[in-house]
Amino acid sequence: MRALGSVAVHLQAPASGPLLTRPIKDIDIATRRGSRAAVTDLLIAAGYTPDEMFNTLHGARRLLFYDTNERKLDVFIGEFSMCHVIPITDRLEHDPLTIPLAELLLTKLQIVELNETDQRDIYNLVYHHDVSSGNGYAIEGDFIANLCAKDWGLWRTSKATIERCRINLAGYDLGTEASGSINERLGLLWTAIENTPKTARWRLRSRLGDRMRWYDEPEESGTTK
């Protein structure tokens, strides 16, 4: 199992904490397919109570548990499915605590209606980690670009999110150095995404553009995060 969400963003920050603080209201973890029974047994033994109805309906991809204080623990199995589907468990061995940085950032870039806390997470990840090509200790821009090159919808949402984050950066009193670093790395990431050759499937979908909805509503797939 590996962490994602706000817990993972904090774990990937320096010991002094992330650049921008935000509340952590729940825990999100990822595990590979085939681990449902083992994860359920482990969490119950640790004192968590399963949401039986939700887990029966959606347990192939997602499980919900609560601790004694009614704090939620989300388990994503095999993939992260919200506005877009992100494969988050193919490379779990890359980091001992969290899903890889590229996948972690993508779970934020894929949000159509970006809220302020998710925007903070994006700034934190990009500020504390370089954008690189093929370096697992940084945000692998080529990995993100390759996924966007196959999926026009993910490309479209990521574009809007990156643009929004670059515009909204001026609203944070981060100083010239921090703001400049975040803006530069978001720009590098977008350049990598744009320069990656797109698939035939991407080009075919791009012809429809915004005339057809390119994202899922989380509640449509039983995800209400």
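How many of the five residues of strand S2 (residues 27-31) are buried? Four of them are, and the strand is mostly covered; buried stands for a relative accessible area under 20%, exposed for one over 50%, and partly exposed for values in between (1.4 Å probe, protein chains only). The model is predicted, with local features needing pLDDT of at least 70 and side-chain atom pairs counting only at pLDDT 80 or more, while totals for chains, interfaces and linings use all residues. Residues are numbered from 1 along each chain as its sequence is written, and side-chain values use heavy atoms, with hydrogens and water left out.

**View 1. The open sheet of five strands.** The strands follow the order S1-S2-S5-S4-S3, with mixed pairing. Helices (H or I, at least four residues) and strands (E, at least two) are DSSP runs, numbered from the N terminus, and two strands pair if DSSP finds at least two bridges between them. Strands of a sheet pair through backbone hydrogen bonds, either parallel or antiparallel. Strand S1 (2-4) and strand S3 (49-50) stand at the edges with a single partner strand each, so one side of each has no neighbour in the sheet.

**View 2. Partners within the sheet.** S1 and S2 run antiparallel and are joined by three bridges; here Leu4 stands opposite Asp28 of S2. S2 and strand S5 (residues 72-77) run parallel, joined by five bridges, and Thr31 has Ile77 in S5 as its bridge partner. S3 pairs with strand S4 (residues 62-66) in the antiparallel sense over two bridges, with Pro50 opposite Phe65 in S4.

**View 3. Glu70 in the loop between S4 and S5**. Most residues other than glycine have a negative phi. Glu70 is not a glycine, yet its phi is positive, at about 65°. The residue is exposed, with a relative accessible area of 59%.

**View 4. Aromatic pairs around Trp152.** The structure holds seven aromatic pairs. Rings of Phe, Tyr and Trp (its six-membered ring) pair if their centres lie within 6.5 Å; planes under 30 degrees apart count as stacked, over 60 as edge-to-face and the rest as tilted. Trp152 and Trp155 form a tilted pair, 6.0 Å centre to centre with 35° between the planes. Both residues lie in helix H7 (residues 152-168), three residues apart, about one turn of the helix. Both Trp152 and Trp155 are buried, and the relative accessible area of Trp152 is 6%. Trp152 also forms an edge-to-face pair with Trp214, at 6.3 Å centre to centre and 85° between the planes. Trp152 belongs to H7 and Trp214 to the segment after helix H9 (200-206), so this pair ties together parts that are 62 residues apart in sequence. One aromatic cluster is formed by Trp152, Trp155, Trp190, Trp202, Trp214 and Tyr215.

**View 5. Arginines over aromatic rings.** A charge sits over a ring if NZ of Lys or CZ of Arg is within 6 Å of the ring centre and within 35 degrees of the ring normal. The charged end of Arg91 sits over the ring of Phe143, 4.0 Å from its centre. Arg213 lies over the face of Tyr215, 5.5 Å from the ring centre.

**View 6. Helix H4 (residues 101-109) and its packing on H7**. Nine of the nine residues of H4 are buried, so the helix is largely enclosed by the rest of the structure. The axes of H4 and H7 are 9 Å apart, at an angle of about 85°; axes are lines fitted to C-alpha atoms, for helices over the stretch in contact, and angles run from 0 to 180 degrees between N-to-C directions. H4 is therefore roughly perpendicular to H7 (angles of 65 to 115 degrees; under 35 is roughly parallel, over 145 roughly antiparallel and the rest oblique). Leu106, Lys108 and Leu109 of H4 make the contact with Leu154, Thr157, Ser158, Thr161 and Ile162 of H7, where contact means heavy atoms within 4.5 Å.

**View 7. Helix H5 (residues 116-128) against H7**. These helices pack at an angle of about 85°, with their axes 11 Å apart, and are therefore roughly perpendicular to each other. On H5 the contact involves Gln119, Ile122 and Tyr123, and on H7 Thr161, Arg164, Cys165 and Asn168.

**View 8. Tyr172 in the loop between H7 and helix H8 (175-195)**. Tyr172 is buried, with a relative accessible area of 14%. Leaving aside neighbours within four places in sequence, Tyr172 is in contact with Leu20, Glu116, Gln119, Arg120 and Tyr123.
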